[in-house]
Amino acid sequence: MNDLLSSLLDRNTKAVPSEDEYIGEDGLFYCRKYHTPTQCRIEIGGRQRIVCCVCKCRREEQEEYDRKMAEMDRRSYIRSLKASGLQERALYDWKFENAADSASIQMAKRYVANWKDAKQNNLGLLLWGDVGTGKSFTAACIANALLETGVPVLMTNFSKILNQMGGMYSDERYKYIASFSAFELLIIDDLGIERNTEYALEQVYAVIDERYKSGKPLIITTNLTIVQIRDADDVAHARIYSRVLELCTPVQVRGTDRRTEIGRNKQALVKEILLGG
């Protein structure tokens, strides 16, 4: 066995240093960059052998390679999270770096910064306010920031959920709703725009109730007022909104109508480009 090992070592021992090496006073090869040995002496079967070893620059090269591969894996994982969690392409650009500073954006940043506590204590949010004030944008900023750290987030709305469930049998619907528990944070946009049929309201309640049972945070955005939520007109809505208020702390999002402002900016651009100012 020792003879075989010695033979293998002989084959892998360099006789001449490379351009990046030199011979030290001890007869071993050294790296010219860091002056660390690229050879070492070991004893096998009572004989000393000279074998190759990894110098500092080779270790650094390997560490850099490993770091790049780990980063590539991380980015690939985040891309897959976004592909499954952000169901509209526009949401990819709704990030904190593209947001104007406001009280709601500052609150959203604190939510992300304290995500571990929010998750542990199952802290959800009910972002409510007038049309166009940035509720969906604020929620998407939270989603993107958490996704970038590798937290699975799903941002969807009840219209999409109900459409998806349209052709499902009861067992399939249950499994579909239960699948939302795979996401650490569930964001449901525009509560209140879904159909008000008995079937639709049953499914809305089932989704929210399943999230309640999962013990994981939920963020909801809505154009409904707190008065409408707390004083629902019928039992079906009251049942849904009561569960929402158990899970989510109401936060009013104030501001000017972003959609109107975007429309004005586009009109001004059309006048400048197409109509000569």
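The exercises below, each with a worked solution, concern a predicted model.

In this predicted model, local features need pLDDT of at least 70, side-chain atom pairs count only at pLDDT 80 or more, and totals for chains, interfaces and linings use all residues. Residues are numbered from 1 along each chain as its sequence is written, and side-chain values use heavy atoms, with hydrogens and water left out.

**Exercise 1. State how many helices and strands the protein chain has, and what share of its residues is buried.**

Step 1. Helices are DSSP runs of H or I with at least four residues, and strands are runs of E with at least two, numbered from the N terminus. The protein chain has 11 helices and nine strands.

Step 2. Buried means under 20% relative accessible area, exposed over 50%, and partly exposed in between, using a 1.4 Å probe and protein chains only. Of the 277 residues, 38% count as buried.

**Exercise 2. Find how many disulfides the structure holds, and explain the case of Cys 52.**

Step 1. A disulfide is a pair of cysteine sulfur atoms within 2.5 Å. The structure holds zero disulfides.

Step 2. For Cys 52, the closest cysteine sulfur is in Cys 53, at 7.6 Å, which is too far for a bond. Cys 52 is partly exposed, its relative accessible area being 39%.

Step 3. Cys 57 is in no disulfide either; the sulfur of Cys 55, the nearest from a cysteine, is 3.1 Å away. Cys 57 counts as buried, with 9% relative accessibility.

**Exercise 3. Describe how helix 2 and helix 5 are arranged, and which residues make their contact.**

Step 1. Axes are lines fitted to C-alpha atoms, for helices over the stretch in contact, and angles run from 0 to 180 degrees between N-to-C directions. Helix 2 (residues 56-85) and helix 5 (residues 135-148) have axes that come within 9 Å and cross at roughly 150°.

Step 2. Angles under 35 degrees count as roughly parallel, over 145 as roughly antiparallel, 65 to 115 as roughly perpendicular and the rest as oblique. Helix 2 and helix 5 are therefore roughly antiparallel to each other.

Step 3. Contact means heavy atoms within 4.5 Å. Helix 2 contributes Arg 74, Arg 75, Ile 78, Leu 81 and Lys 82, while helix 5 contributes Asn 144, Leu 147 and Glu 148.
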